[in-house]
Structures are given as structure tokens and as C-alpha cells.
Amino acid sequence: MPGPTDAESVFDRLERLLPHISKPIQYVGGELNSTIKEWDAGGPNTVRWALMYPDAYEVGLPNQGLMILYEVLNERTDALAERTYAVWPDLEKLMREHGVPQFTVDGHRPVRAFDLLGVSFSTELGYTNLLTALDLGGIPMLAVDRGDDDPIVLAGGHAAFNPEPISDFIDAAVLGDGEQAVGAITDLVRTWKEEGSPGGRPELLFRLARMGGVYVPSLYDVDYLPDGRIQKVAPNRPGVPWRISKHTVSNLDDWPYPKQPLVPVAESVHERMSVEIFRGCTRGCRFCQAGMITRPVRERSIEGIGKMVEAGLAATGFEEVGLLSLSSADHSEIAEVTKQLADRYEGTQTGLSLPSTRVDAFNIDLAKELSRNGRKSGLTFAPEGGSERIRKVINKMVTEDDLVNTVAAAYGAGWRQVKLYFMCGLPTETDEDVLQIADLAKRVIQTGRDVSGSRDIRCTVSIGGFVPKPHTPFQWVGQTAPEVIDARLAKLRNAIRNDKRYGKAIGFRYHDGKPGQVEGLLSRGDRRIGKVIRAVWEDGGRFDGWSEHFSYDRWMDAAAKALAGLPVDVDWYTTREREFTEVLPWDHLDSGLDKDWLWEDWQDALTQDEVEDCRWTPCFDCGVCPQLDLDIQIGPTGRKLVPVTIGLPPSYAEKPAVGTP
Amino acid sequence: MARSPDGPPPPPVVQKLRLRYAKRGRLRFSSHRDFQRALERALRRAAVPMAYSAGFNPHPRISYANAAPTGAASEAEYIEIALARRCDVEQIRAALDQALPPGLDITQAVEAGPGALADRLQASIWQIELAGLDPGDSAEGGIRDVVRRFLAAERVEVQRMTKAGLRTFDARDAIVAIKVEDAQASRLGQACAILRVVVRHTTPAVRPDDVLSAFHAVADFAPPSPPLVTRLAQGLLDEADGSVTDPLVADRDDDGA
């Protein structure tokens, strides 16, 4: 592991570059509630983590996952954690010219000086940014080339449930909830350091592979069939497990993080504090990887939520609180939570928002509580599919009447605009399914005009291309080709625009289908995709999640070259439908879901059979609870939030001045 | 039918405070918008009883004046805040300073007297540190020569990219005085020339980087490393002697009366 002299701050060298780049404030650190610990804070065997969000600072800073791990690790006396983000190309160019390495924004230390570099992937489109960070950091890009002086590169986040496309570049992937896992990894690394780092890097990786929940790709071999499919994935060393299961935190009230949310001086994409009100989702939307891999549902109690909101507001000064989860209106006590929080913060200009709301769980009371003390934030609903038929295919059990009743309540309560989110390119989808989005949007506008008595009513239709994801019932489907998606969206656009009565009231936002195909390639890819990623990066690929940086042609050219001579190509990975018997690249990574159940659910999709939510119907045997030895954890608790009595605001009263009448 | 916000109008303004703040160290890279966000959050953390505007999106009543550009440090920025309840001025200053990140420091606070603060911010004194230049160098092309040639010019046109596009304007007339300080070592121990520039506030404002552009225009001057720029003072300008005086003096006098 690197010595302390490698950990010197590079700020003086960086500072000279800052006058020449855009938004320099994002690189200087010093955010409210950030922590800089001494390099040897926990003695000579301190376990040092660099935590990276592989996107721009403005996107990465508010990320809850990274914030939680940062705080959990820094609370330990034997560890420290600092943060690093992707640098924009203007600074990257100057860093290369002046030899400034990838640095943390806390201590401005080179990332190579740390024991571990943990990278959180919410999306696969951050992969090229990982390569930039490694290269700028002076860390060998290929895991196989790294030595004892290089950090262990760990991937986490949802994309880590299929890390095969980046298996050349990472040393290990951590599956599932991170807050407990980083502690276990810290213990393991500290013990190994205390023993004098026996066996060097290979021994440390071996120990990580055996601890559970950590996948070390280099300890597994992949064999392929002549037609390109995988024959098997097997450990190449005795003592390495065949399957790796995910970490799952069992009581959210034990993990009230972040307690001290970071507040940047720079602008970020979420100008609010967030409290995760539950984790996991059992609605069973078949396209939703997050809902599948984070099961079972684990609610935070109303009291736990109340404490986090109180502490977080005091620590940050934000004026909006986001009640975060995959479907926030589904919390068993959401009405009580929103009402009691609104009571508590009456008259303080503090707004509440639910970033993710199901159409059917929303009601007018909830809408009013959300806006009682603060601004009316936008309302977004996600019917996902335009027709009743396609909604049955994806198991989004929302009827058109549910949606119309819900938006009627919203418009009636004073909202003038709602946003509706849909997907295009869903399995079995036809033009007709997509064109029904236009009919739905028009009915929404008409309803709004009727209940509000105003013509000042708008709705925005926002459409994303569907990308099949691992560990979902749609993991076998053929992805819809980008040209088909683009043609359907063009027809839909005409259907909306050509109707003079409603066209102007309906906003239409969509992206073309091309980035979705690249995301699909990376989502369901295998180890052979690593060469494609590397070739794209070498050709200048950066920030692929940003349309101004993304280049479809660059990806297609790189794939054609890197996969030449193999029996596979981009279509093979994306638009090809898989058979039940095919070994999928992620089959050895266990999200707890039973593969037979996933297949049955996929067959149910084809016959438009819906599956209820196991929170209020019997278990459907998805496999997660017995696999993890857990159960769903939901209320209601029936408890109440008492008014805040501690921490009354200071009075700032004037002292009576002498001589005042 | 026009909509109007529900509920009673916001409480009236009962007290206005004028604050002087500094933007120091690495926080000099914050933009004016960054400062606004940080200030509004600090006001909430410190639970300062702000007066809010009426309307659908009530916002705290804060007046900003004349912010220093991103990348420039400052010892003399000014804002005015309006309170819904009378408060002890020093307690507010201390609490707000505590709630802001280190490097954004509230250095003075006074209760506002009559007259507009903006009218008193007539000029600035800027310090420009040019590391790697010998302040004693009076040879042709040296810093003293460059300043002499600039001051000798009637007009020096410079260009700057603004939101409205590329603007061309005179950078000479707004300059009241430039003084080259005597020899001083910079932080890194190398030679460093320090300029003190008195700039009259005009539209468009002439900024320190415009002055350096003007040096380039008259004498082909380019600083050997990025200059460190700090606003030392803002206030009333005495055209006769080029001095800039504290804009809060009038409020302090008024306060005591």
C-alpha cells in the first residue's frame, strides 16, 4: 500500500489551473458537513477510502449512497473517507498538461494514495468516466496490471449487479446495500494490514472474495460456446464461492444516514435534503431493476423519519425535504408522515416533496400537505405505458381512470401543470400502444380544464426508451431497435401536435433511442464488452450520460472493431431475445430473486397476467425473503410526531439600550 | 381569472441590516450565485427572522450589490437584509458568520440608515498580486513601465465576453489611480509585484482582468502566472485624492444619533 508521502495535497498545483476552467468552485471542497481526517487518524493501519461518483460534481454530490458511505466510514476511528468526482474535459486537459493527478475534493490527495477506490455506479453510462479517473490517477487501467501500491478498485451501486463489462478494470464489486458492507470490508482490510499485509494484493482479493457479498472477477473464469453464448462461469481457485449474494440492511432505523448531509457552495441537481423513507419495492413493475434488486421492502418508522428531517434541516438550511424511496406514496403511514411533518414546520417555508409517486396512491390530502409550508413543487406521475394492455404487460397496475382521478385531484388543488412519464420500446409494444399516450394526455388536459374552470392547464409528456436490465423478468427480452423507437415517437409527436384543441397544452420531451441501445449493450453485456469500453474511452469517450458528450457512432465503431472475429455484435447483445436455458453473464450474482420465478413472471407478462404486491396479498415466492432470511418490514406503527421542542430558534433579541424610553 | 396566493400577507419589514462580508481563500472561486445560495441556507440554519416577499414563491428579502467576479477574492462585499423582527445586530452578524462556510465571512453589520447603499458604492480598491515579477524593475517592459504607459494613455479599448456577447469598451477612464507597491515576497518566496488599483464604478464595470487586458493592449504585457486579485475596499470616492471611504460610516453615525 502507498506510503504517507504519496498523500500530500495537490491543491497548490490545482489552484493554478482553476482560473482557466468553468465552475472552479466544484473542485475546491470545503462543503458544509464535509470531513477531513488526518491521514493516520486511526494509526498506521488506518483504512483509507476514496469514494467516487463517476459523473460531474453537480450530479454526484447530492447522491445519497455516496453521502451515506462517506459519513459511516468517517465515523469509524480506524478509517477515513474522502470524495472524488469526474472532472470535466476542460480540467482533465489541464491536469494532463501539468501532471496533476485525480484528486479528492476533501484533502485534495491523489486517489492512488488510498487503500480502496470505491466507485458507485447508478448507471452504466459512467463507465468511461471510471477509466478517466484511473488514468488521471496513475492507477493501471487493467486490474491485472495493478500492484501492491495501487488501491483496490471496488464497484458498487445498481450497475454492480452485472459488473462483467467492467471486470477488466475493477478488482471487485460489492452487491447490495453498502452501509454495512463497507464496515465489513474495512474490518477485513484493517486486519490484513495489521498482520503485515501477508500475501500482498492477491491474498487481500482472495479474502474479499470469501467474505460474502463481494465479487472478485479475476477469481472466476468464463467459458463460451462456439455460437458466442456463455457455457459456464466458474471459480478458478479453491475456496472461492460459486455464487455471490447481496448485502441487505435489515432495520433502516438503525441507519439514520446521512445525519449531516453535505451542502455544497456550488449548484447541484438536487437543491434539497433527502430522507430515505423506505428501501425496496414489491410493486413488481417488470421493467424496474431497482425494485427487483432492492427487495424486500424495509420501511423507516415515522419517528425515525421525523428525527432525520429535524436533524438534517438544522444541519443544512435547505428549504425542501425530499421523502425518498422507489415509490414514496406507498409508505404505510405516508399520510401521517406528510401531515405531521407539515404541522411541525408550519410557517417556516419548508416544503416537502415526494420524488417518486405512484398514480394510484396519491390523493388530494397528500397533495395539500406537500405544499402547505413551502413552494408547490412539480408533480410527476409515471403511468409508464400508454395503453391498458401494455401496462398489464409491464405489471404497472394503474388504470386510465386512476390516472384521471389523480390528476383531477391535483388540478383541483391548484396545480396547473403535471408531468407524465412513459417508456417506449417495451416488450410486445406496438405503434397503437404508444399512440394511446396522446389520447391519455388529451384526456388529462380536458379533465384539468373541467375541474379548474381554467384553460391555463398544462401537462408535459416525458418519454424514455426502455432498456432491459439484469435481474428483472425482462432480462431475456430483445430490446427494441432505436429506429423503431424513433419512428414511434415521431408518430406520437404528430398525434399530439396535430390536435389544435390540446396540442399547445401538452409539452413533449423525449430522447432518441440511440443512447438506450448503448446502455442496453452495457447493462446486459459480458466480459467481452470491456474492450469496447476501453476503445471508446481511448477515442475520447467521456460523460456518456450527457447528450452533448455522447457519441453513438463512436460506440458503434468501437464495438465493430473490438468484437470483430467474435460470433457476437451489438445486436446480439441488445435486440436478441434469450432462451430460458441460456447462461446469463450475471447468473452467478445473486440478487435473491429466484430465476424460475423471474421466468414465470416474464411468461405472465406475455399473457398480460398481473401480479399483486406482496405487502397486501400473499407471497408470490420471488425468493428474496427466504434467501436473505428476512421479511418485509412495514408499518403502520400508529406513532405520532410530537412538535419539535428542542433546538428552538435563537431570539436575537436586542438588549435594552440605556436611555431608551 | 388571475390567481392570488392563499393566506395572509407576509409580516412587514421592521429592520434592515447592512452587512460587509469577505470572500477568502479557495472560496474566491465561488460565483455570485453560489454565494446567494450559501447565504440563503446560512440564514435558515441560523434561524434569522427574515422578512419574506409576497407571492407564490416567497423569498427572503436580500439586496445584493456589485459582486466581485468568480475567482477574485474580496474583503469588501456588501449586502442588505430585511428582518421581520427587531434583532441585536452583532448577534445576527456572529450567528450568520458562524453558519456560513469558512472563507465566506461576515465582517461587519450595521442597522441601515437613510439613503441607498448602492449609491455609496462608487469605487473599489483592487489589489492585484503578480507573482514572478520584480516590483523594483523600472526598465522598459517592467511592471512600472507598463503601468506608466497605461496611465499615459487617453483610452485603452479592451474586449470581454459578456452574456450579451463580445463587448468592446474603454478600460482607462474608470481607473483613478494605480500604485505599484514596494518590494514584497509572495507566498512561495519568489518575487511578487503588487498593484493597488482604484477603479470608479461604471457601466460596464471595469474589472481587474480588464486592467490586465489593457496592459496587454498598451505594452504587450502577460502575467507569468495567474494573478491573485482581491478587492480591498468599496465605498465613496474622493475624486481629488483618489481615496475610497467606508460606505457604512453614515449608518453607524445615524445609529448612534
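Student: Leaving aside its neighbours within four places in sequence, which residues is A:Arg554 in contact with?
Tutor: A:Arg554 is in contact with A:Val536, A:Asp539 and A:Gly541, where contact requires that the C-beta atoms of two residues, placed from the backbone, lie within 7 Å. The C-alpha atoms of A:Arg554 and A:Val536 are separated by 6.4 Å, although these residues are 18 apart along the chain. This is a predicted model, in which local features need pLDDT of at least 70 and side-chain atom pairs count only at pLDDT 80 or more, while totals for chains, interfaces and linings use all residues. Residues are numbered from 1 along each chain as its sequence is written, and chains are lettered from A and ligands numbered from 1 in the order in which they are written.

Student: Why does A:Arg554 count as partly exposed?
Tutor: A residue is buried if 20 or more other C-beta atoms lie within 10 Å of its own, exposed if 12 or fewer, and partly exposed in between. A:Arg554 has 18 C-beta neighbours inside 10 Å, and therefore counts as partly exposed.

Student: Where is A:Arg554 found, and what does that element meet?
Tutor: A:Arg554 is found in helix α18 of chain A (helices are DSSP runs of H or I with at least four residues, strands are runs of E with at least two, and both are numbered from the N terminus). A:Arg554, A:Trp555, A:Ala558, A:Ala559, A:Lys561 and A:Ala562 in α18(A) meet A:Lys531, A:Val532, A:Ala535 and A:Val536 in α17(A). By class, this contact has 7 nonpolar, no polar and 3 charged residues (Ala, Val, Leu, Ile, Met, Phe, Trp, Tyr, Cys and Pro count as nonpolar, Asp, Glu, Lys and Arg as charged, and the others, Gly among them, as polar).

Student: Why are α17(A) and α18(A) called oblique to each other?
Tutor: The two helices pack at an angle of about 130 degrees, with their axes 8 Å apart (axes are lines fitted to C-alpha atoms, for helices over the stretch in contact, and angles run from 0 to 180 degrees between N-to-C directions). Angles under 35 degrees count as roughly parallel, over 145 as roughly antiparallel, 65 to 115 as roughly perpendicular and the rest as oblique. The helices α17(A) and α18(A) are therefore oblique to each other.

Student: How do you know that the span of helix α14 of chain A agrees with its number of residues?
Tutor: The expected span is 1.5 Å times one less than the number of residues. For the 22 residues of α14 this should be 32 Å, and the end C-alpha atoms are 33 Å apart, which agrees. Just after α14(A), A:Gly453 takes a positive phi of about 65 degrees.

Student: What do the buried residues of α14(A) pack against?
Tutor: The buried residues, including A:Val434, A:Ile437 and A:Leu440, pack against several elements of chain A, among them α12, α13 and β16.

Student: What makes A:Asn395 and A:His471 count as buried?
Tutor: A:Asn395 has 24 C-beta neighbours inside 10 Å and therefore counts as buried, and A:His471, with 22 such neighbours, counts as buried too. A:Asn395 lies in the loop between α12 and α13 of chain A, and has a positive phi of about 60 degrees although it is not a glycine. A:His471 lies in the loop between β17 and α15 of chain A, and its phi, near 65 degrees, is a positive value in a residue other than glycine.
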